[in-house]
Protein chains: 2
Amino acid sequence: MAKPVAPRGSARERVLQAALDLFIEHSVGGTSMQMIADRLGVSKPAVYYQFRSRDDIVMALVEPMFDDIVRVMKIAAAMPTQQGQRDVTVSGVVELSVRYRRLTFLFYDRAVEHAVRSREDFMAVSDAVAAILHGPNPDARARVITTTLMAGTFTAAADPELADIGDEQLHEILLDTARRVLELLA
Amino acid sequence: MAKPVAPRGSARERVLQAALDLFIEHSVGGTSMQMIADRLGVSKPAVYYQFRSRDDIVMALVEPMFDDIVRVMKIAAAMPTQQGQRDVTVSGVVELSVRYRRLTFLFYDRAVEHAVRSREDFMAVSDAVAAILHGPNPDARARVITTTLMAGTFTAAADPELADIGDEQLHEILLDTARRVLELLA
């Protein structure tokens, strides 16, 4: 097993956890470094010692998820048929949306977009997912359906109103729904 | 025709427009009353003269959309069959998501949720839409599918990457997709 970047309960890990709790309550744009420091009962410089900026915290939170998407896309790309590639991609997207269901709302936060868009590797993965789902030179129909599938899956998985539904059941229902939408692209 | 609340180009209308532009760029939580004043080249008190708070601005932006949803739900409720009620609701939701495609992202902004949830009439409409789509006493499956349908439609309609697609075409594709998802509930 790879050595974790920060041991559980480390100062870095505590900042990430406090920041995520505040992002969930107030959105990223509504959360300041001061609020994170206050939540932890530490000084603002103590937070800045761990992270240079709020964007850095957001990136540290979403990085593991992006690494996992890259892995899924490698598996998908190795499938011999386009249908096989799509099946792996949809299964992978649904699995990730459930495993990271506390995090995925970050992708739809307009305060985050700028930070994510500035990372070329993140954008390349996102483009690769879309390209496999809608194929090359997509028309308007393929683009809208692909976006609906991704946004519907990620936003539903993150919805606090569905928090009482267990991961396994959520996974099964989202996969069913995503596959049904995907049929529109076939 | 009803008299508009504010004439086009009025101070109130200009604040709403500047605020929306900033919300799109920075999210609601990332936008301060000072930023709105700066964008308009006026003082902060001039903004506060029009609206008591940022939440008030958000409410003024989403109010017309909610009024329209209430109207759609009245038409839906008058349909004699559950299938008819669902068909009207889905058509209405898709029509609204496209007509207000610059605004719908606001519903998924965590800084807005608190303001919206404090308005009982807004919550009642949102519950009514869900109740018609998934029927009484929904199980986990019905709740997840309904949420996916709504979140997929509203988030795709608001996606800046799809801004080049005209309203009419977007409407047609989203309706197709939403109806396909709805079949899973039948």
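Predicted model: local features only at pLDDT ≥ 70, side-chain atom pairs only at ≥ 80, totals over all residues.

Trainee: Let's begin with the rings. Why are A:Phe66 and A:Phe122 called stacked?
Mentor: Their centres are 3.8 Å apart and the angle between the planes is 0°. Rings pair if the centres lie within 6.5 Å, and planes under 30 degrees apart count as stacked, so both tests are passed.

Trainee: What does that pair tie together?
Mentor: A:Phe66 belongs to helix H4 of chain A and A:Phe122 to helix H7 of chain A, so the pair joins parts 56 residues apart in sequence. A:Phe66 and A:Phe122 are both buried.

Trainee: And why is the pair B:Phe107 and B:Phe154 called tilted?
Mentor: The centres are 6.2 Å apart, with the planes at 55°. Stacked needs under 30 degrees and edge-to-face needs over 60, so 55° leaves tilted. This pair also links distant parts of the chain, 47 residues apart: B:Phe107 is in the loop between helix H5 and H6 of chain B, while B:Phe154 is in helix H8 of chain B.

Trainee: How do you know that B:Phe154 is buried?
Mentor: Its relative accessible area is 6%, and buried means under 20%, so B:Phe154 qualifies.

Trainee: How many aromatic pairs are there over all chains?
Mentor: Six. On the chain A side, A:Phe66, A:Phe107, A:Phe122 and A:Phe154 form one aromatic cluster.

Trainee: Now for charges and rings. What makes B:Arg110 count as lying over the face of A:Phe105?
Mentor: B:Arg110 is 4.1 Å from the ring centre. The distance limit is 6 Å, and there is also an angle test, within 35 degrees of the ring normal. B:Arg119 is another case, with its charged end over the ring of B:Phe122, 4.2 Å from the centre.

Trainee: Where else does B:Arg110 turn up?
Mentor: Among the buried residues of helix H6 of chain B, along with B:Ala111, B:Val112, B:Ala115 and B:Val116. Those buried residues pack against helices H1 and H8 of chain A, and against H4 and H7 of chain B.

Trainee: What makes B:Asp109 a cap for H6(B)?
Mentor: A side-chain oxygen of B:Asp109 lies 2.8 Å from the backbone nitrogen of B:Ala111, at the N-terminal end of the helix. A polar contact needs N or O atoms within 3.5 Å, so 2.8 Å is inside the limit.

Trainee: On to the salt bridges. How do you know that B:Arg99 and B:Asp68 form one?
Mentor: The N to O distance is 2.9 Å, and the cut-off is 4 Å, so the pair counts. B:Arg99 is in helix H5 of chain B and B:Asp68 in helix H4 of chain B, so parts 31 residues apart in sequence are tied together.

Trainee: Which of the two is buried and which is partly exposed?
Mentor: B:Asp68 has 10% relative accessibility, under the 20% limit, so it counts as buried. B:Arg99 has 45%, between 20% and 50%, so B:Arg99 is partly exposed.

Trainee: Which salt bridge does B:Glu95 form with B:Arg99, and how far apart are they in helix H5?
Mentor: Their side chains meet at 2.9 Å, N to O. B:Glu95 and B:Arg99 are four residues apart in helix H5 of chain B, about one helical turn. An α-helix has 3.6 residues a turn, so residues three or four places apart point the same way. In chain A, A:Asp68, A:Arg71, A:Glu95 and A:Arg99 are linked in a network of salt bridges.

Trainee: Last topic, the interface. What makes A:Asp164 and B:Arg143 a salt bridge?
Mentor: Their closest N and O atoms are 2.8 Å apart, and the limit is 4 Å, so the pair passes. Across the interface of chain B and chain A there are six salt bridges.

Trainee: How much area is buried between the chains?
Mentor: About 3500 Å², with carbon and sulfur atoms giving 62%. In chain B, B:Arg110, B:Val144 and B:Arg180 lose the most area to chain A, together 21% of what that side buries. Each chain puts 42 residues into the contact.

Trainee: Which helix of chain B gives the largest share of the side that touches chain A?
Mentor: H8(B), with 13 residues.

Methods
Residues numbered from 1 in each chain as written. Chains lettered and ligands numbered in written order. Heavy atoms only, no water. Buried < 20%, exposed > 50% of the residue type's maximum accessible area, 1.4 Å probe, protein only. Helix = DSSP H or I, 4+ residues; strand = E, 2+ residues; numbered from the N terminus. Contact = heavy atoms within 4.5 Å. Polar contact = N/O pair within 3.5 Å; in protein donor to acceptor, adjacent residues only side chain to side chain. Buried area = accessible area lost by both parts, 1.4 Å probe.
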